[in-house]
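Reader: I'd like to learn how to read pockets in a model like this one. Can you walk me through it?

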Amino acid sequence: MLGRQPISEERWNVLEKTEQFQEVTVKSEPIFQGKIISLQVDTIQLPNGGTATREIVRHPGAAAVLALIDGKMLVVEQYRKPMEKFQIEIPAGKLDAGEDPMTAAARELEEETGYRAGRLRPLSAFYTSPGFADEKLYLYIAEELTKGESAPDDDEFLAVEAITFEQAQQYIREERIGDAKTILAVYAWQVYRLTGEI
């Protein structure tokens, strides 16, 4: 294979061991189809020959933005019904069908905060809850920000704020910031403050 290193014997051993534990789908039953998510129950064959069920949430994915301006991070505060409390989060939103995550990140930043990014750089991409969902979240850093007009969705009620690093840390301690994407963004910001690189 051109341009690829041969797989070492040690790596082959790892691959063989992990393939032994793969779960094979025997049957998939759709349960619910909503505007954002769908739910299915899969019957799977276990490595030992037995069967089990897996409840799986399908999600189109999402994009989020770490936006820094004048040494502060742009956040939005909104009521999160699943937790029945307000949360402070970085701007984010789900991907439309076939949408490029960077396009979604730019859109969500402007819709939620009113700021446009002259440039977006990818920071990370991760699965939010791989035990039961396939949602993949793409995190970007926004640079060269200019002020525009916010335009949140009709059912979205947000308060926009620019917070200091110290405030972000305090909000994490108080669980006003409690979601993975925002905590990861704060840690990325901390690295940036210490090293000048992100």
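This is a predicted model: local features need pLDDT of at least 70, side-chain atom pairs count only at pLDDT 80 or more; totals for chains, interfaces and linings use all residues.

Reader: What is the general idea behind looking for empty space?

Author: Rolling a probe the size of a water molecule over the atoms shows where empty space is left. In this model, the largest pocket has a volume of about 1500 Å³.

Reader: Which residues lie nearest the centre of the largest pocket?

Author: Those are Ile36, His59, Arg80, Glu89 and Glu135, out of 40 lining residues. By class, the lining of the largest pocket holds 18 charged, 15 nonpolar and seven polar residues.

Reader: Which element gives the largest share of that lining?

Author: That's α2, with four residues. At least two residues each come from β5 (72–80), β6 (85–89), β7 (92–94), α2 (101–113) and α4 (180–195).

Reader: And how much space lies in the second largest pocket?

Author: About 160 Å³. Its lining includes Glu23, Thr25, Asp42, Ile44 and Arg54, along with Pro130, Gly131 and Phe132. β3 (51–58) and β2 (38–45) each supply at least two lining residues, and β3 gives the most, with three. The classes split into five nonpolar, two polar and five charged.

Reader: Where does UniProt place a domain?

Author: The unreviewed entry puts "domain: Nudix hydrolase" at residues 57–192. That span is 26% helix and 42% strand, and its end C-alpha atoms lie 34 Å apart.

Conventions: Residues are numbered from 1 along each chain as its sequence is written. Side-chain values use heavy atoms; hydrogens and water are left out. UniProt positions are given in the numbering used here, feature names are shortened, and annotations may be inferred rather than shown by experiment. On a 1 Å grid over the protein atoms alone, a cavity is a set of points where a 1.4 Å probe fits but cannot get out, and a pocket is an open set with protein on both sides within 12 Å along at least five of seven lines; lining residues have an atom within 4 Å of a point. Grid points are joined across faces, edges and corners, and a volume is the space filled by probe spheres set on the points. Ala, Val, Leu, Ile, Met, Phe, Trp, Tyr, Cys and Pro count as nonpolar, Asp, Glu, Lys and Arg as charged, and the others, Gly among them, as polar.
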